[in-house]
Each structure stands twice: as structure tokens, then as C-alpha cells.
Amino acid sequence: LRKVEMHPPLTLHRHPMCAEIIEEFQKCHLNHPVKKFFGECTDLKIKLDRCFRQEVSYHPLFNYIFPKTTSKYSFKK
């Protein structure tokens, strides 16, 4: 058996690559308040999980191209 994990908070500004799937998933949950417990939105959940994994794999590249120049935790020596 595979461990089923909850998805991260579904905020569009934190996951711009997955925004379209997030909106579809939220609409599915609103339109099917009971059926969502019986697998009505499972296909979208799988798409969302794949998108989040893909998004995470892009983060190192994104950080390399657009490095943070300042951070509230950076200290000058």
C-alpha cells in the first residue's frame, strides 16, 4: 500500500504552475460535497499530486536563474 498524504494548502499564488488544476479540484469539491468522499474528484487529485511533484523539481532551477538577492535572514559580516 502507498501512503496517502494530504496536499499542501491550495493557494494559487504559491502554485502558479498548478493553478488551473487547483481551480478544477476546488470546483469539484464544491459541486460534489458527498461524492468527493467516494472518489468523484480522485482523478483531479492525482493530477494535482503530479503537478506538485513536477513543480518541486523545477524549484532548484528557478532558484538558480532568479536567486534571492536579499533575505530577512541574511546577515552581513
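A disulfide is here a pair of cysteine sulfur atoms within 2.5 Å, and the structure holds two of them. This is a predicted model in which local features need pLDDT of at least 70 and side-chain atom pairs count only at pLDDT 80 or more, while totals for chains, interfaces and linings use all residues. Residues are numbered from 1 along each chain as its sequence is written, and side-chain values use heavy atoms, with hydrogens and water left out.

**Disulfide Cys18–Cys51**
- The sulfur atoms of Cys18 and Cys51 lie 2.0 Å apart and form a disulfide, which links distant parts of the chain, with Cys18 in the segment before α1 and Cys51, 33 residues away, in helix α2 (residues 42-65).
- Because the torsion about the S-S bond of Cys18 and Cys51 is about -100 degrees, this disulfide is left-handed.
- Cys18 counts as buried (under 20% relative accessible area, where exposed is over 50% and partly exposed lies in between, with a 1.4 Å probe and protein chains only), because its relative accessibility is 0%.
- Cys51 is likewise buried, at a relative accessible area of 8%.

**Disulfide Cys28–Cys41**
- Cys28 is joined to Cys41 by a disulfide with an S to S distance of 2.0 Å, a pair that connects helix α1 to the loop between α1 and α2 across 13 residues.
- The torsion about the S-S bond of Cys28 and Cys41 is about -95 degrees, so this disulfide is also left-handed.
- Both Cys28 and Cys41 are buried.

**Pattern along the chain**
- With bonded cysteines counted along the chain, the disulfides follow the pattern 1-4, 2-3.

Conventions. Helices (H or I, at least four residues) and strands (E, at least two) are DSSP runs, numbered from the N terminus.
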